[in-house]
Amino acid sequence: MLQRIGRYEILDRVASGGQGTVYRARDTVLDRVVALKVINQNIEDDPAYLEALQREARLAARLDHPNITRVHDFQVEDGIPYIVMEFIPDALDRQLRGNQRLPWRRAVEIGLQTSRALQHAHEQGVVHRDIKPQNILLRETGAAAVSDFGIARAFVSSTRSQTAGVMGTPAYMAPEQWAGGAVDGRLDQYGLGIVLYEVITGSPPFQGDSMEALYVQHREAPVPPISNSLQVPDEVESIIRKTLEKSPGDRYGSASELADALEGALTGGAAQGPRTEVSPPPRREPPRPEPAAAPPARPPRSRPQEPDFGGSLLIMMVSIVVIAVVLAIVMAAAAAVAG
Ligand SMILES: Nc1ncnc2c1ncn2[C@@H]1O[C@H](COP(=O)(O)OP(=O)(O)O)[C@@H](O)[C@H]1O
Ligand SMILES: [Mg+2]
């Protein structure tokens, strides 16, 4: 096995994919762990491929988003090109090994983060073109980190590419990508729709014995319904169906719209429960009109003073008696003086 390439010390081999081998390595200058994707093709006899790889790596390096795997560097060593990336410990395809499924809520969460990543890339004019579980890496926190933006396009420039004009991975490829015409970001929605369907049900919607059979399915076959036993809310299933529309014009207008729909499914109606719920809906209290603002606080009203006739009469009689007594004393005194 390789011991070292450039300034990177190889720690272990992670996996081999379509275009190369990925290693976990240590950057001896910055002393940090990175991932190296070593393209398994000597580039010296294929300058167009080298140029395309360099261009795509440059575009990918510009992307700066928490749900995108960071590209640190692109180098060529003895005619072998390699891409230096952030090392991400897990990947969605590993979580699906052995026909595993994920709960719909977790799938939608990963789908939401992936569509935010796509939204960021599309805004910079970068279409991924190869969305599949192997390219949705997972950080230790569980957050998605989409990798390999644009690499599929570079591969088409390679003389070794068997399917010139076609790029991507057949099970995830939208009809317009098979046709080899012009594509835009809505292509990535389709790839993500296939991923979500696969993650939730355990297998992709279209499977074929040959490339031709697979193409016919992507182009013409309806998406098989998701089994009721999986308790996936209707809202989630209809979002997936919209991303899998045959014509890009029938999908969401942008990855941002798709992200909003997925977010709505997580926090809104779908969060209430799956469609198989048979219990009656909870009884709602009649809506109480909410005042626009709280009424101004009024001081407690003092009770109005009621006239107390009983008390006044007593005071009056006592006063008359006092006045009469005083008058009698005054008159008696006057008579004594006169007498
Ligand atoms: N930056 C990375 N950090 C950690 N593992 C990675 C990274 N990039 C790719 N891998 C792993 O290496 C495997 C091979 O990657 P790649 O060569 O891109 O082929 P593919 O994406 O077709 O599987 C991926 O499936 C993934 O598990
Ligand atoms: Mg990859």
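**View 1. Contacts across the whole chain.** Residues 24 or more positions apart make up 63% of the contacts in the protein that have a separation of 6 or more; two residues are in contact if their C-beta atoms, placed from the backbone, lie within 7 Å. The model is predicted: local features need pLDDT of at least 70, side-chain atom pairs count only at pLDDT 80 or more, and totals for chains, interfaces and linings use all residues. Residues are numbered from 1 along each chain as its sequence is written, while chains are lettered from A and ligands numbered from 1 in the order in which they are written. The protein has 10 helices and nine strands (DSSP runs numbered from the N terminus: helices H or I of at least four residues, strands E of at least two). Of its 339 residues, 33% count as buried, meaning that 20 or more other C-beta atoms lie within 10 Å of the residue's own.

**View 2. The largest nonpolar core.** This core holds 69 residues (buried Ala, Val, Leu, Ile, Met, Phe, Trp, Tyr and Cys residues joined through C-beta atoms within 7 Å). Helix α6 (residues 186–201) supplies its largest share, nine residues. L36, V195, L196 and L262 have the most contacts inside the core. Leaving aside residues up to four places away in sequence, L36 touches I5, Y8, V22, Y23, A25, Y82 and V84.

**View 3. The buried side of helix α8.** In α8 (residues 234–243) the buried residues are V236, E237, I239, I240 and T243. They lie on the same side of α8 because they cover an arc of only 160° around the axis, taken from the directions from the helix axis to the C-beta atoms. Among the elements that cover them are α3 (104–123), α6 and α9 (255–267).

**View 4. The shell around ligand 1.** Ligand 1 is surrounded by 21 residues, each with its C-beta atom, placed from the backbone, within 6 Å of the ligand. A15, G17, V22, A35 and Q134 are the closest. Two or more shell residues come from each of β2 (8–16), β3 (20–27), β4 (32–39) and β6 (80–86). By type, the shell has nine nonpolar, eight polar and four charged residues (Ala, Val, Leu, Ile, Met, Phe, Trp, Tyr, Cys and Pro count as nonpolar, Asp, Glu, Lys and Arg as charged, and the others, Gly among them, as polar).

**View 5. A three-stranded open sheet.** The strand order is β7-β8-β9, with antiparallel pairing; strands pair if DSSP finds at least two bridges between them. β7 (90–91) and β9 (144–146) are at the edges and have a single partner strand each, so one side of each lacks a neighbour in the sheet. β7 is joined to β8 (residues 136–138) by two bridges, and A91 stands opposite L137 in β8.

How values were computed: Buried ≥ 20, exposed ≤ 12 C-beta atoms within 10 Å, placed from the backbone.
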